[in-house]
Amino acid sequence: MIYADGTPMVWPIPAFALLGAVVIFVFSRWWAPRTAGKIACTAVGISFLWTLVVAAHLLGSGARQLAIHEPLWTWLSGAGPVDAKIGFYVDRLALVFAIIVSGVGWLIHLYSYAYMEGDEGERRFFGYLNLFVFSMLTLVMADNAFFMFLGWEGVGACSFLLIGHWYQKSENCAAAQKAFLVTRLGDVFLILGILICALLVGVDYTNLVGFDKVRELPQVDAFGHLSGKTVLLIAGLFLLAGAAGKSAQLPLQVWLPDAMAGPTPVSALIHAATMVTAGVYLIARFHQLFVQVPELMAAVALVGVLTAFYGATCAIVQTDIKRVLAYSTISQIGYMILGLGVGAFSLGVFHFFTHAFYKALLFLAAGTVIHSLHGEQNIFNMGGLKRFLPRTYLAFLAGAASLAGFPLVTAGFFSKDGILWSALTTQFGSVPIYLLGLFTALLTAIYSFRLVFIVFFGEQRKEIHPHAPSSLLEWPVMILALFAVVAGYLNLPHAFGGGAWWEHFFEPVFKEAEARPLVHDGAKELLAAGASGLLALVGIAAAWKLYGPPARRIVPEPVIAAGEIQNDTPAPYKSPLANLLFAGWYFDRLYMRVFVRGFKLVATLANLVDNVIVDGFYELVALIVRGFHALLVFFQNGRTSRYALVMLFGAVAITTFALMWR
Amino acid sequence: MTLLAVIFYIAAAVAILATGAVLFARNAVNAVLYLLVSLFGVALMMYSLGGAFVAILEIIVYAGAIVVLFLFVIMMLNIARIEQHKDLQPPTRPQLLVPVILALVLMADLGIAIYAAAAGVSSGKTITVTAIGETLYRQHYLGVELASLVLLIGLIGALHLGSAAWFTHQKEANQDGTC
Amino acid sequence: MVPAEHALIVATILFCLGAIGVLVRRNFLFVLMAIEIMLNAAGLAFVAASGIHGQPDGQIFFLFILPVAAAEVAIGLALGVLLRLRYGTLDLWQIAQTRED
Amino acid sequence: MILALLIIVLLVGAVLCALADRVDRRVVRWTALIITSVDLALAIGVATLVSQGPIVFRLPWLPSWGASLHFEADGLAALMILLTTVLGVVAVLISWEEIERRSGAFHVWLLLLQVGILVVFLARDALLFYLGWELMLIPLFFIIGIWGHEDKQRAAFKFLLFTFGGSIFMLLALLYVYVRHLNLGMGGTFEIEELAKTPLSASEQWWVFLGLFIGFAVKIPLFPVHTWLPDAHTQAPTAGSLILAGVLLKTGVYGLIRLAIPLAPQAAEAFAPLIIALSLIGIYYGAVVAFAQRDFKRLVAYSSISHLGFVVLGLFVGNAAGYQGAVLQMVNHGLATGGLFLLAGIIQHRAHTRNLEVFGGLWKYAPAMGAFLLFFAFASLGIPGTGNFIGELYVIAGTFQLHHTLGALAALAVLFAAAYSLKLFLSTMHGPTARPWRAFKDLHIHESVALGILCVGLIAVGLYPKLVTQPLYFPPDRLVPTTGRVPERVIRAEAARGSLSSVSRMRSKSFSLDHEVVLVSEASK
C-alpha cells in the first residue's frame, strides 16, 4: 500500500475503520459480542498505525513533500460549480487532526472494550464507533469541501446513533434527535457557505486561493451585485454558523449537555476530542477566507470568547459529573475559536491538540468513577474516592490541572496562555476580549477543581463500596494523563526559552495568513503568562475554600438521582442565578418552547389545512356532481305522464324556438 | 257570413265544448258519448270546408267504429262509475297547471304560425269523390298499400293480445271457479 | 266562405285539449281517448288545408290517418284489457308505483 | 427490436400468470419473478446499448393519422426503464406472502401496469404516449381497489378521477397542436419531434403548455392537486404503492421533459417562476404536513410530495446542475421511498396496523428491519453517501445559481426532511417498547433481498453518481433542453471565474430542441 514513488497511500486510514464497521454490522450477529469489540479495536489500531506511517513520511527528516494529494474517482461532475472528486489531501493540519482522531480514538476503543462489557447492544456500539472514526477521518482528510461534507454529516449521523445507544429510554432518543437536528441546522448553513465559495473560487483544498482577488471585485454578479467583501462576509458567516452547529458554540450549543445521555466513551470520543472540534478544523481550513474580512475575524473571536464565558459559568453549578465536563468542553472550544478568531490559527489548533488529551482523560476518568459507582453520576453523592481509585484520582488531577491551566507544568497552561497572549497582541485581538478570556480562565480553574474536591476529597457520602476498575480502564487514562502534561512543551514559547516548535511546524499551512506577528518580546509575554498562571492558582485556592473538605458548605447541596438531569429538569438550587446557570441560561427552554412547539403547531395546522381546505375543495366538487344527480332523478320517476310532459315541453320549446329563429 | 260559415262556427263550438267535457268526465261512458259529439262536430266542420266525403267517412269509421270499440271495452271491463274506480276522478287544479300552460304556449305558437302563413279563405268548392279516388289511386297508391299494411298489423296485434288476455282469464277463472 | 285560419285554430285547440288530456288523466282508456282527439284534430287540419288549396291530397291524407287511428285503438284497447288483468286496475300512476317497488 | 421485446415479454408474462393462477399460487409468483427478472436483464441490455446511440423501433400503427408505434430509448428513457424494471422485481419479491387471494390476477395487473409505464417512457409518438398514460391507470386502479386496505374503493376512485381529469387537459393540448400542425399544411403526424416544430404563437404555446402542465402536475403531484396521493398510498398494497411512488410519479416529470417543454419552449420559460414557486411550496408543505402524520404510509406519501417538489424545482431552475439534480432525485426517490414503502408493508404485514403511536422499541424484536429503516430514513433526509444528498445538492446548487435567496430557501427544507424522517424512525424503532409484540419476526430472506437491492442502488448512486448522469449526456445535442434561460449574470460570474474552476459556457437562445448547450462534459473538464 505504498505508491511507486514511496509516498504511502492515504486511503487505507479511513478504509480500515470502515472495514471494521462493515464487518461488525454484517457478521457480528453470529459471533460473540466481545469479538465485535476486538475487531473494532484492531481496525482503529491499524488506522492509527498507518496514520503514523504517513506522518513519518511527511515529517521525516528529508521530507520534501508538504502534503499528499490522492484523488480517487470523480464524484460530483457536470453540474457547473458543484465539482468534486473523492480524494484525500493530507497536509500538516489534516495530519494533526488525523493523529488525534485515530490515536485518541484507539485509546477510547480500548477503554470502551472494558467499559461496555456485557452491554445489551455491544455489537451495535462498536460498529457505530468504527463508523464514527471513519467519518471523522474522511472529514479531516478530504481533499475538497463537498467530500468533507460527507464526513461532516456522517459524523452527525453516528453521534445521533451513539447518543441514542440505550434507545429504551425516551430521554436518550430525544437527546439524540435534538443533537442531530441542531447540527443539521448548522450543516444547512455550511452547505450554503460551501456553495458560495464553490461559485466564487471552487472548494478544492489543493488550491484554495483567490479569495483576495474576489475581495477586490467591486461587484460579484452571481450575487445580486453585492461587493466582493460582503459576499465573502456572508460566506464566512455561513461557515461560522456551520462550525457553531457542529462545535456547539453559541447559539447552537443546546445539544451538547443533553448529548451526555450517551455512554461515557462516546462522550469522551465524540463530545470532547473529535467531533466537536470539526468546527475548528473547518475555520482553520478556510482561514484564507476568514483573514480577508476583519469584521469576520471579529465575529469569530466574539463567538469564541462569549461561548467560553457561557460554558464556564454554566459548568460551575452543574451537579452531574458529565454535564460539568460537557459545559467545560463548550468553554474550551470557545477558546479554540477565539484563538482562530484573533488570527492565531496554529495556537487555536494547538489548544485543540492539548484539549483532546486532557478532556478525553477527564471523561474517561469520570467514566471509571461512574462505572465503579454503578451508574451514579451526581457529584454530591460521591466523595472521598481518593482512597478507592488512587490511579484514576491522579490522572483526573492531572487532567483537571491541565484544564485549569496550572502554570508551567500542564499543557493546558501553555496552549491557553498562547491564545490569551495573541488575543492581546494580534491585530484582530482586543483588550476587552483578553480580559473576558482571562476571567473565564479563572472560572475554569474554579469549576475544574470544584469537581476534584467534591468527588475525590472529603468523606464518603453514600455507602457505595466501589469495586476496583479493571486494568483496561486505567492504563489508557494513564497515557492520556502523560500527554496532558507533556504535550505543552511542544510549543514552549520563547519567553520560556522554548522554540515555539508548533508555530513553525504550521508555518507552511497558515503561511501569510498568520496575521499574528510572532512578537515575542520576552518581558511582556512573561508578565502575561505569569498573570494567567497566578489566576489559575487563585482559582484553585478559591475552589478549595468553597468546596474543599474543611470548608463549611456555602453552596447548598441539591441531591438528585443520577441520569435524569436534562436541561429542563426542575432547578435544584434556591438562588435564581444558580438555576439560570444550571439550565444553560434557559437557551434550551427558549428553543424548546419557540421552535419545537411552534413547528409542531404549524405541522398540525398544515395537516388540518390539507385535509379540510385542499381536500375539501375536491370533496365539494364531488358534492356538486351528486347534487346534479338528485336534480335529474326528478324526471325519471317511472310515471308515463311525467315522460309525456317532458316530451310536450320539448315540442313546445322547439316550435317556439323555430318561430323566433325564422 | 254564408250558411256554411255559420254551420262551421256552431260545429267548432260544439266540438271544443264536447272535447272539454271528455277531459273532465267523471264517468267513462259519458266521456265516450262526449267524444262522439265532438267527432260529429268535427265532421260538420269538415263538411263546411268542402270535405263532404271525408266528413261521412269520419262519422262512419271514426265515430262508428273506433268510439264504439271504446264503449265495448268500457263495458267489458265494467269501469263505468267513479265510486269503484278511484282513477276516474278528473284532474285536480294543481295537476292541470303545467299542462295547461304548455298547451296555451303551443296554441299561441301554432296560432302565430297560422296567421303568419296567411292561408287566406277556403276555396269553398267541395272536392268530389272522383277527384279523391283519382289522386288516391294514381299518385298515392303506395300510401294505400301501407295503410292496408298498418291495418293488418293492428289486426294481428289485437288478436294476439286478445288471445293472451283470454287464456290468462281462463286460467284464473278455472282457479276460482267463476266463468 | 269559411276562413281557413279559423279551421286550423280550432284544430290546434282540439289538439292541445287532447294533449292536456293525455297528461292529466290517470285512467289508461282516457289517455287513449285523448290521443284519438289529437289524431282527429290533425285530420281536421289536413282537411282544412285541402279546403284552402282545393286539392284532394289533404283529404287523402285524412284517409291515411283513419287506418292508423283504428289500428292504434285496437292495440291500445287490447293492451288496456291486459293491463286490467295483470294489475287489476287501469290507473297508470298506481301501476307505475307497483312497478317501482 | 429490444425495445419491443421489453414489452412483449411482459405481455406474455401476464398471460402466463393468468394461466398459472389455475395451477397454484406459488407457481404464479415464480413466473412473475422470472418474467420481471428477464425484463430487468433486457433493461440492463438497453442501458448498455444506449451509450452507443439511441435505439429506435418504429412500426406503422395508424398511418392515416400519422401515428406510429415509435419507441426510442435515449439516456434518460433507459434510466427510467431500468428503475421501472428494478422496482418491478422488488414488487414481486415483496408481495410474496402479502397477496393471498387471487394472486394470479394481482400479478397480471402488476405486469400490465409495467407495460403501461414502459410505453410511456419509450413512446416518441404523442398518441402512443397518451395511450400508455391511460393504460397505466387501470391496472393500478384495480390493484388498489381490490387488494388495498380498509378504505380502498374510495382511494382507488380518487386516484383514477384525479389523474383522468388531468389527462383530459393533456389530450386537448396534444390535439390542438396536432390540428395546428395539420392545417398549417405540414401533414398530420403525432411524432413529438415534428409536433415540436409547429410554429405556435406565444399565447397558443401558453395554453398548450398549461394543458400539458395540468395533466402532468396532477401526476407529479404538485401542491394544489396532490391530495389523491396520501389516500392512494395508504390504501394501496405494498407492491402497488412501491410502483406508484417509485415510478408512476416520475412519469409526470418525464412527461414534462419529453412533451411539455419541447412543445411549448417559450411558454415553459414564462411558466418557470410559477412552477418554481409551486414546487417550493410543495417542498415545505409536504415536509411540514408529513411531520404531523400519525400513519406510517401517509407520512412517507407526504414526504414524496416534498421530494418531487425538489425534482420539479431542479427541472425548471434552468441550468445543468438543476436538470441533473432533477434526474438524480427521480432515481433516488424511487429507491429511497420505495424502500420506506417496503418497510411500511413489512411492518403492517406483521403488526396489522400503520399507526405510529402504537409502535415503539421494535429494534429489540427486529434489528435487521431496524437497520434497513435507519438506512432508508437517513437516505430520505439526504445523508451524503446516498444518492439523495447528491440530487438535492445539485438542485440546491442549481437554484442557488438562479437566485441565491431561493437557493437558501431550498437548502433549509433539508432540515424539515430531517425532522419527519427522524420522527418516522424514532417512533417505530427506538423508544420504550409500547406493546409486547409476540409475532414480530424479523425480516424473511426475500424481504431482505428486496431491500438489499434498493440499498445497493442508493449507495452506488451516492458514491458514483456518474452512473446516472453519464448516459444523460449522450448525445449532447439531443439532450432534452433545460429551461435554457441562464441569467446573464451567472455567465459573467462563470467567465470571471473562468481561469480557476470548471469551464462552462452556457449560451442558449431559447428552449427549442436544437439550441447549443455545452455543458461540463467529461472531455473538457
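## Burial and extent of chain A

A residue is called buried here if 20 or more other C-beta atoms lie within 10 Å of its own, and by that criterion 56% of the 662 residues of chain A count as buried in this predicted model. The C-alpha trace of chain A spans about 120 × 65 × 55 Å along its principal axes.

In secondary structure, chain A has 24 helices and two strands. When the contacts in chain A between residues at least 6 apart in sequence are taken together, 77% of them join residues at least 24 apart.

## Which chains touch

Four pairs of chains are in contact, and among these pairs chains B and C share the most contacts. Chain D, by contrast, does not touch chain B, the nearest C-alpha atoms of the two being 40 Å apart, nor does chain D touch chain C, where the nearest C-alpha atoms are 29 Å apart.

## The contact between chains B and C

The contact between chains B and C takes 78 residues from chain B and 62 residues from chain C. On the side of chain B that touches chain C, the elements giving two or more residues are the helices α1 (3–23), α2 (28–48), α3 (52–77), α4 (93–117), α5 (129–138) and α6 (141–176) of chain B. Of these, α6(B) gives the most, with 14 residues.

By residue class, the side of chain B that touches chain C divides into 54 nonpolar, 21 polar and three charged residues.

Key: Residues numbered from 1 in each chain as written. Chains lettered and ligands numbered in written order. Predicted model: local features only at pLDDT ≥ 70, side-chain atom pairs only at ≥ 80, totals over all residues. Contact = placed C-beta atoms within 7 Å. Helix = DSSP H or I, 4+ residues; strand = E, 2+ residues; numbered from the N terminus. Buried ≥ 20, exposed ≤ 12 C-beta atoms within 10 Å, placed from the backbone. Nonpolar A, V, L, I, M, F, W, Y, C, P; charged D, E, K, R; others polar.
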